[in-house]
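Trainee: I'd like to learn how to read a two-chain model. Can you walk me through it?

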Amino acid sequence: MINMNLDKIDTTILEILEKDARTSFREIARKLDVSPDTISKRFQKLKELGIIVDSTVIINPKKIGYSFISRFGVDVKPAYSSQVLEEIIKIPSVIVASKLVGKYDLISIIVVKNFQHLCELREIILEMPYVEKVEASMWINTMELCPCYFLI
Amino acid sequence: MKNKNLDEIDIKILRTLQKNVRTPFKEIANQCNISMDTIKSRYNKMMKNEVIRGSTIVVDPKKMGQGNLVIIGIKIVQQFSDLVMNIIKKMKGLCVVTKSIGQYDIEAIFLLEDIEQIGIIKDKIEDFPQVKSADVGIFVDKPLLCPKNFEFE
């Protein structure tokens, strides 16, 4: 199931940039046999359409002092989940946060430095207004995360 | 916890690239008031040290018709977590699978094209005799990604 509005040029741009977002437009243009201008325009279009949300450098958290990943499940007072979600995403070290249909109301994936840091993070979330319950789990032996989604 | 491997310039480079990975080195050089070659060699050094693992664009999966993110928490009968994990690793749509300490023994995140697949995957996992139970959670709306939040100190 592929987005109907995209042609071969668009999908190739996406494929190349997902692997290396610093690839020059000139290089992509050469591969597709079109002008760099075309690539630049398409890139802008993909951004305007909200297909490309963002671009970033992928940092290895283990090299900058983080030691593991933790998954938080958060229960909140009904109708306040959006509000709490906005607060959670502001916490440094949070990689992903989302509303969830399932066991918890919100889920958040966080990189953690050490046990003390883990406890602090839990406290921070617990102290937010409307939060009723926080459950943390520690991820060990984590298989590589899909980098275009989780950016670790 | 101060990071000994990175100095101010490194951090400045990382911060800038986190915001926009396509920022030309020249622009970063101007901002830091040092030469472009220095920026380049710092960048290459961080690549070599694996502080930087690469760069990517974030694509909205919904707009690409890639569907729903689903997290599955699995409880296992004692020592079989490696076995089950290896089986899950081969399943279609998997983004990440991990052993876990907490409520579940294994947690896995899938990106699925349609809702029906969730049931199929849950059944498949629960069919294993080593699996006690599998709880499913479906990400709703667009998950907020915040990879830019890393603290460097």
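Trainee: How far apart do the C-alpha centres of domain 1 of chain B and domain 2 of chain B lie?

Mentor: Keep in mind that this is a predicted model. For chain B, those two centres are 40 Å apart. The domain assignment there gives 8-48 for domain 1 and 68-138 for domain 2.

Trainee: And which domains is chain A divided into?

Mentor: Domain 1 of chain A covers 8-48, and domain 2 covers 61-150. Taken over C-alpha atoms, 34 Å separate their centres.

Trainee: On to the interface. How much area do chain A and chain B bury between them?

Mentor: General idea to start with: interface size is often given as the accessible area lost when the parts come together. In this model, chains A and B bury about 6500 Å², and 59% of that is on carbon and sulfur atoms. In terms of contacts, 73 residues of chain A meet 67 residues of chain B.

Trainee: What about strands: how do β1(A) and strand β1 of chain B run, parallel or antiparallel?

Mentor: They run antiparallel, joined by seven bridges. To find one of them on your screen, pick Val57(A), whose bridge partner in β1(B) is Ser55(B).

Trainee: Last topic, charges. How many salt bridges are there between chain A and chain B?

Mentor: Two salt bridges link the chains. One involves Arg71(A) and Glu107(B), whose side chains meet at 2.7 Å, N to O. Over all chains, the count comes to 11.

Trainee: Which residue forms a salt bridge with Asp7(A)?

Mentor: That's Arg42(A), with the closest N and O atoms 2.9 Å apart. This pair links distant parts of the chain, 35 residues apart: Asp7(A) sits in the segment before α1 of chain A, while Arg42(A) belongs to helix α3 (residues 36-48).

Terms used:
Residues numbered from 1 in each chain as written. Chains lettered and ligands numbered in written order. Predicted model: local features only at pLDDT ≥ 70, side-chain atom pairs only at ≥ 80, totals over all residues. Heavy atoms only, no water. Domains from an automatic or database assignment. Contact = heavy atoms within 4.5 Å. Buried area = accessible area lost by both parts, 1.4 Å probe. Salt bridge = Lys/Arg side-chain N within 4 Å of Asp/Glu carboxyl O. Pairing = 2+ DSSP bridges. Helix = DSSP H or I, 4+ residues; strand = E, 2+ residues; numbered from the N terminus.
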